[in-house]
Amino acid sequence: MRRVVVESVWRLRSAFRHRNYNQWRGFVRRPKCLVDNNNGCDYYRIPVIGEIDRFVCSSFTVSRALSTDAAAKVTIGDVNRAGPLVEYERRIAAGELLDGDACQLGTLRELQRMYDEIVEKADVCQLDRYASSQKSTRNRWFWSRFIPQSSYAPVKGLYLYGGVGTGKTMLMDLFFDQLPSDWRKKRIHFHDFMLNVHSRLQKHKGVADPLEVVAGEISDESILLCVDEFMVTDVADALILNRLFGHLFSSGVILVATSNRAPDNLYEGGLLRDLFLPFISTLKERCITHQIGSAVDYRKLTSAEQGFYFIGKDLSGLLNQKFQELIGDHKAGPQEVEVVMGRTLQVPLGANGCAYFKFEELCERPLGAADYFGLFKRFHTLALEGVPILGLDSRTSAYRFVTLVDVMYENRARLLCSAEGSPLELFKRIVTISEAQHEAPRTSSRSRRNDDLDLCVDNELGFAKDRTISRLTEMNSKEYLEQHAAAIAE
């Protein structure tokens, strides 16, 4: 613990210069009033601007304002007995996980190294929720006009990337779950994270630099930010990421992210990508990049289950029958779901946590991640009728379908589906540029078309399809459906 002696209010300026301003920000030079005397110490009340009055004694020790649960607290002495690698080995021994390959173990060693470092430097990083300053963000922004606030974390973040189904999300969650629950940490999907950012920006419209205020709010809530499925496809997101994360990193935020794309390949071929490139440099500067080189898709090692994914045309009657079985005695009818910023989504049929849509109602209308997140906050099961083979003419619908599956998987929702083909067949006409050159050289640019193949040449979608196929396969597995049933029962 740090011992601080307050001789006069003017001495607080020294505390600011020595990075102790989190304890003292908000104090001003105003008369002190003696309010109590206890154990030989005089306690003073110093009026402050924009905060609750703080009580300071003339000579005292700065300690935590609130005690935390000892069971949740991690000390430096515990480092060698805890962490993602230790928990992973325990789950392997207990039969809860398949024995991973060398690539997963290499990633776990990186996560364990980061775990040890972040636990050791937890106080410097100000991860403890109760020991950190509880100032308001606007007050913080006000003082940042006069006092330098930049303070990069002493621990670098980690950017994990690799193929689909290699365990990136599972490994990151393993790392996240081993850290104390009273730390300022958050685990969030990239789509959800950006929706949250845009919602906050809307709230702070009119402020000189709303991104700085939003970054201040996020860093006040979470110093450790774990973002799953980092994938930039939207130009509005691409244009603000560099400044947003510039503010976050300078506020001490530590980023752990997973992605299917290497940093240099993010937003590849995107509109105004030149303006996005500085973010890649910032990301590589503040995060260690680690590739999971495994070729194993663990989602496809699950046991297949029949009865929830129907292949064929004109299966609406069968899908309706299965939907009625799921809702039981409940009567299905139109419902309305609140999305964000006053928007709503109309659900054609819904009952007992189950929603029924035709493919065109969810993927051929101008909907996005916000609508899908709103849907699955209300419903745990989706019946989706008539998923077509996706190709050049349905490129936009394919993007929405990929986002829909991502959001479903993130929310561990159940899919009841009729489609024209298997997950692999649905995306057979969507290829990357290199795949197109291999299959049909005439289709190696987006502007050309092979009438026989109807290929949609799109690098971003071509990479994303592998993740969607993998997730659709797992979502129809026995293990996934049993976990879903158990969650519903609880």
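This is a predicted model: local features need pLDDT of at least 70, side-chain atom pairs count only at pLDDT 80 or more; totals for chains, interfaces and linings use all residues.
I looked up Ser-397 first: at 9% relative accessibility, Ser-397 counts as buried (buried is under 20% relative accessible area, exposed over 50%, partly exposed in between, with a 1.4 Å probe and protein chains only). Residues are numbered from 1 along each chain as its sequence is written, and side-chain values use heavy atoms, with hydrogens and water left out.

Ser-397 sits in helix α15 (helices are DSSP runs of H or I, at least four residues, and strands runs of E, at least two, numbered from the N terminus). I skipped residues up to four places away in sequence and found Ser-397 touching Phe-359, Cys-363 and Glu-364 (contact is heavy atoms within 4.5 Å).

Next, the cores. I take a nonpolar core as a set of buried Ala, Val, Leu, Ile, Met, Phe, Trp, Tyr and Cys residues joined through side-chain atoms within 4.5 Å. The largest has 58 residues, and those touching the most other members are Phe-357, Leu-362, Leu-375, Leu-382, Leu-384, Phe-401 and Leu-404. Helix α15, residues 395–410, gives the most to this core, with eight residues.

I then checked Phe-401. Beyond four places in sequence, Phe-401 has contacts that include Phe-359, Cys-363, Leu-384, Val-387 and Leu-472. There is also a second, separate core of 34 residues, with Leu-211, Leu-225, Leu-241 and Tyr-267 among them.

On to helix α3 (residues 84–93). Which of its residues are buried? I get Pro-84, Leu-85, Glu-87 and Tyr-88. Seen down the axis of α3, they fall within an arc of 160°, so they line one face of the helix (the arc is that of the directions from the helix axis to the C-beta atoms). Their cover includes α4 (102–120) and α7 (168–178). Just after α3, I noted a positive phi of about 80° at Gly-95.

Last, the whole protein chain. I count 19 helices and 18 strands. Buried residues make up 51% of the 490 residues. Of the contacts with a separation of 6 or more, 77% are between residues 24 or more positions apart. The chain exposes about 23600 Å², with carbon and sulfur atoms supplying 49% of it (areas come from the Shrake-Rupley method with a 1.4 Å probe; for residues, only the protein chains shown count as cover).
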